[in-house]
Amino acid sequence: MKHDLRGIKTDDSFSFSRYTTYGLGGGAKASFFPRTKEEAVTVFDFVKENYDRYVVLGNGSDVLAADGAFDGAVICTKLLSGITRNGNRLTCLGGTTVKTLLSYCVNNGLSGLEYLAGIPASIGGLAYMNGGVNSKHIGDAISEVEFYDGELRVFNREKCNFSNKHSTMRDISCIVVQVSVNITQSDPKTVKQDIDEFLQMRKAQPKGKSCGCVFKNPSGLNVGAGKLIDGAGLKGLRVGGAEVSREHANFIINHGGSSADVRGLIKVVKARVKEFYGIDLEEEVVYIGEFYDSDS
Ligand SMILES: Cc1cc2nc3c(=O)[nH]c(=O)nc-3n(C[C@H](O)[C@H](O)[C@H](O)COP(=O)(O)OP(=O)(O)OC[C@H]3O[C@@H](n4cnc5c(N)ncnc54)[C@H](O)[C@@H]3O)c2cc1C
C-alpha cells in the first residue's frame with residue numbers, strides 16, 4: 001500500500017538520549033513526528049508495513065532505551081498536541097503535555113487535574129500507564145480514549161480497564177491519538193494556587209535525570225517500593241554512573257552513565273530486595289531495545 005508521508009516531520013539524527021528524561025539511549029532506524037490524528041494514522045500504517053519493530057514514544061519520561069541503536073522505527077507524539085473544550089470535557093491530542101494541559105486549565109479556570117502538576121508526561125502516555133499521584137489516577141478523570149491499531153477505536157473509561165499502572169491500551173499494539181477528560185468550572189486563581197502547591201511538594205523529589213519511580217508499588221502491601229529499597233539499605237548504591245537516590249530510594253538517577261548502568265542497577269536492586277524480603281519488585285519503567293544483561 002502507498003502511504004503519503006509528505007509533510008510529516010522526521011529526524012535523521014534521532015537519538016533516544018534527546019527525547020527521554022533519562023537522557024540515555026541510542027538511535028533508531030527511523031523516526032516520525034505526526035502533528036495530527038490523520039498523520040498519526042498514516043505513520044502507524046506505514047511503520048507497521050515497513051518495519052519489523054516499532055515503538056510509540058510520548059514525552060519519554062518513563063522509558064529506558066538501550067545504548068545501542070533500536071532496530072526499528074519510532075513514532076514520537078511530541079508534535080501531536082492540541083486541546084478543544086466541549087462544556088465540562090477537554091479533548092486533548094495524545095502528545096499534549098501535562099504542562100500544556102494545566103496551563104489551559106489555569107487560563108480557563110478549570111479544576112480536577114491539579115494533582116498532575118510536575119509530571120513530565122504526555123496525556124497519551126499518562127492514559128496508557130494510568131499515571132497519577134497517591135490514590136488519584138488519570139483514569140478517574142478520563143471519559144474516553146481514542147486510539148489506532150489499524151482501526152480508529154474509541155473506548156470509554158470502563159473499556160480502558162484502568163488499574164495499577166495499567167490500561168487496556170497496554171495490551172494492544174496501538175497509538176493513543178486523543179484523550180478526553182472531565183473537568184469542573186472553577187476560578188483561575190484557585191486552580192493556579194492548587195497547582196503551585198502540588199509543584200511545591202514536588203520540590204522534595206530527587207533532582208537529576210530519572211524516570212521518576214522505577215518500580216511499581218507491590219500490590220497487597222501497605223509499604224511502597226521506595227521504603228522496601230531503603231529498608232534493604234540500598235540508598236546510594238551505584239552501578240557505573242547510575243545511583244539509587246539518597247532522597248527517594250525508588251528513583252535511580254543517571255549521573256552521566258549509560259542505559260546499561262541503569263539496567264544493571266535495577267537488576268541488583270531487584271535481587272537484593274528479593275533476598276532481603278522475598279518480594280519480587282516489578283519495573284514501572286518501560287524498556288526499549290536490546291539489553292545484554294550479564295546474568296542472561
Ligand atoms: C521526574 C519525574 C516524575 C514523575 N512523577 C510521576 C508521578 O507522580 N506519577 C506518575 O504516574 N508517573 C510519574 N512519572 C513517570 C511518567 O511521567 C509517567 O509514567 C507518564 O505516564 C509517562 O508518559 P510519557 O508521555 O512520558 O510516556 P513515555 O515515557 O514516552 O512512554 C511510556 C510508555 O507509554 C507508551 N506510550 C506513550 N505515549 C503513547 C501513546 N500516545 N500511544 C501509545 N503508547 C504510548 C510508550 O510506548 C511506553 O510504553 C515521573 C517521571 C519523572 C521523570
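Let us start where two parts of this predicted model meet: 11 residues of domain 1 are in contact with 14 residues of domain 2. On the domain 1 side of this meeting place, helix H2, residues 37-50, gives the most, with four residues. That side of domain 1 divides into five nonpolar, four polar and two charged residues. The centres of domain 1 and domain 2, taken over C-alpha atoms, are separated by 22 Å.

Where do these domains sit along the chain? The domain assignment places domain 1 at 9-76, domain 2 at 83-202 and domain 3 at 225-288.

Now bring in the ligand. Domain 1 and domain 2 both give residues to the shell around the ligand, so the ligand lies between them. There are 31 residues around the ligand, and those that come nearest are Gly58, Gly124, Gly125, Gly131 and Gly212. Two or more residues of the shell come from each of these elements: strand E3 (54-57), helix H4 (123-129), strand E9 (132-133) and strand E13 (175-182). Which element gives the largest share of the shell? The answer is H4, with five residues. Sorted by class, the shell has 16 nonpolar, 14 polar and one charged residues.

Stepping back, we can look at the protein chain as a whole. Its secondary structure comes to nine helices and 18 strands. Along the principal axes, the C-alpha atoms fill a box of roughly 50 × 50 × 30 Å. A compact globule of 296 residues would have a radius of gyration near 19 Å, and the protein chain agrees with this because its own value is 19 Å. Among contacts between residues at least 6 apart in sequence, 66% join residues at least 24 apart.

What about the inside? Of the 296 residues, 43% count as buried. The largest nonpolar core has 85 residues, and the ones with the most contacts inside this core are Ile75, Ala127, Ile175, Val176 and Ile252. Take Val176 as an example: leaving aside neighbours within four places in sequence, Val176 is in contact with Gly94, Gly124, Ala127, Tyr128, Val145, Phe147 and Met169.

Asn130 sits in the loop between H4 and E9. Its phi is near 45°, a positive value in a residue other than glycine. Is Asn130 buried or exposed? Asn130 counts as buried because 21 C-beta neighbours lie inside 10 Å, where the cut-off for a buried residue is 20 or more.

Asn161 also has a positive phi, of about 45°, although Asn161 is not a glycine. This residue is found in the loop between helix H6 (157-160) and E13. With 15 C-beta neighbours inside 10 Å, Asn161 counts as partly exposed.

Our last stop is Ser258, in the loop between strand E17 (252-254) and helix H9 (259-277). Ser258 has 17 other C-beta atoms within 10 Å, so this residue is partly exposed. Which residues does Ser258 touch, not counting those up to four places away in sequence? They are Leu24, Asp67, Gly240 and Gly241. As for Gly241, Ser258 is 17 residues away from this glycine in sequence, and 6.9 Å away in space, C-alpha to C-alpha.

Terms used
Residues are numbered from 1 along each chain as its sequence is written. This is a predicted model: local features need pLDDT of at least 70, side-chain atom pairs count only at pLDDT 80 or more; totals for chains, interfaces and linings use all residues. A residue is near a molecule or strand if its C-beta atom, placed from the backbone, lies within 6 Å of it. Ala, Val, Leu, Ile, Met, Phe, Trp, Tyr, Cys and Pro count as nonpolar, Asp, Glu, Lys and Arg as charged, and the others, Gly among them, as polar. Domain bounds come from an automatic or database domain assignment. Two residues are in contact if their C-beta atoms, placed from the backbone, lie within 7 Å. The radius of gyration is taken over C-alpha atoms; the globule rule is 2.2 Å times the number of residues to the power 0.38. A residue is buried if 20 or more other C-beta atoms lie within 10 Å of its own, exposed if 12 or fewer, and partly exposed in between; C-beta atoms are placed from the backbone. A nonpolar core is a set of buried Ala, Val, Leu, Ile, Met, Phe, Trp, Tyr and Cys residues joined through C-beta atoms within 7 Å.
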